Amino acid sequence: MSVEGPSSLPGNVTPYDHLVAQTRKQHRLFSAHWEVTYRCNQKCSHCYLDVCSPASPSLDELTTPECFRVIDELADLGALNLTLSGGEVLVRHDWFQIAQYARTRKFLLRLFTNGILITPHVADQIASLHPYAVEISVYGADAETHERITQRARSFELTMRAFQLLRERGVRTVFKTPLMRENVRQFHALRTLADSLGARFRYDITITAKDNGGRDPLKHRLTYDDLVWLFCEAIDPALWVERKLTPETRPCAIATNALVIDPQGNVSPCVQVRQRIGNLHERSLREIWESSPAWNELSHITLNDLPICRACELQSVCVRCHGLALLEDGDLRAPATVNCLEALARRQVLVEKGVLPADFPIPAHLREMVV
């Protein structure tokens, strides 16, 4: 998420927000994030996935007919949003067939890509799909910074070409940047570059460990000083000061109206919680969605179910991820240390801006973080 603030606050609720809230309340499937391959043509050093080269065997990826069946099952469950991701989605020889079939089933379609394979012909194909958006990852405002992460020569040039080709064809693009130690001070330059490309700028402040627990990506994670600098530049204080939580607040929408499908057909509740709830080779998607007890167990976690977080003075400035708490701290209901650090940095900035009082408390369990 971006650091400006939470996405939904009283007074800011749109009809779309209301629709999403209803699907969460009713456990109606609204969105699916589908990693169609773990093959990739970059070797990004921060990636949370164990990707392999484009030339690797398909590693039991769902076949084209199986993908069509999954799309039918998603449509039959009433899902509206479908994101096709990877790895790099465009390395699949049948990516266009899959995406085209999804459009025939009336999905609002997003593509996540690094853009390297977007040639004029591929851009024409994408434009013909009329996707809601194509989200392209960018890791720096210049080639040197970007390619230090991707570990692929010319990747910056080819990614910039992708934005231009899609813009020429009227395709909506999102310039998506995970902020890291290497690029955070380029924040304004990145936003300016996105504007020059006609793309919406979106950024994420949290680099995560690998899904297998590997912690090497964390070398890129923002430091406390980085977070304070960034929040000083970008935070909207009103969004945080007006944010109100109750013991019944669900800090995360996990398992309410969305799911993740991996290349082998495993279904999990989100990209950060890789709890295998079912496999599409073994059970239908409807059976997995309607009968698996895990959805109920995960979707009803409220602030009151989090022994430390429910008493924390920084609740209102914290964006908590259950998955990070589980992956990095070993307990889905414990504080996620990285989210605590981010909350502390927000507190400092809001104090410095005079929005919070100077004596706004630092929770006892977090004092060591800012010593």
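Val267 of β8 is the bridge partner of Ile261, and strand β7 (residues 258-261) is joined to strand β8 (residues 266-268) by 2 bridges, the two strands running antiparallel. Strands here are DSSP runs of E of at least two residues, and helices are runs of H or I of at least four residues, both numbered from the N terminus; two strands pair if DSSP finds at least two bridges between them. The model is predicted, so that local features need pLDDT of at least 70 and side-chain atom pairs count only at pLDDT 80 or more, whereas totals for chains, interfaces and linings use all residues. Residues are numbered from 1 along each chain as its sequence is written, and side-chain values use heavy atoms, with hydrogens and water left out.

The open sheet consists of 9 strands in the order β6-β5-β4-β3-β2-β1-β7-β8-β9, with mixed pairing. Because β6 (200-204) and β9 (278-279) stand at the edges with a single partner strand each, one side of each is left without a neighbour in the sheet.

Helix α3 lies across β2 (81-85) and β3 (108-113), and runs at about 155° to β3, where angles run from 0 to 180 degrees between N-to-C directions and axes are lines fitted to C-alpha atoms, for helices over the stretch in contact. Helix α2 (residues 64-76) packs against helix α3 (residues 95-104) at an angle of about 25°, with the axes 10 Å apart. This makes α2 roughly parallel to α3, a term for angles under 35 degrees. In contact (heavy atoms within 4.5 Å), Thr64, Cys67, Phe68, Ile71 and Asp72 of α2 meet Gln97, Ile98, Tyr101 and Ala102 of α3.

Technical notes. Parallel < 35°, antiparallel > 145°, perpendicular 65-115°, else oblique.
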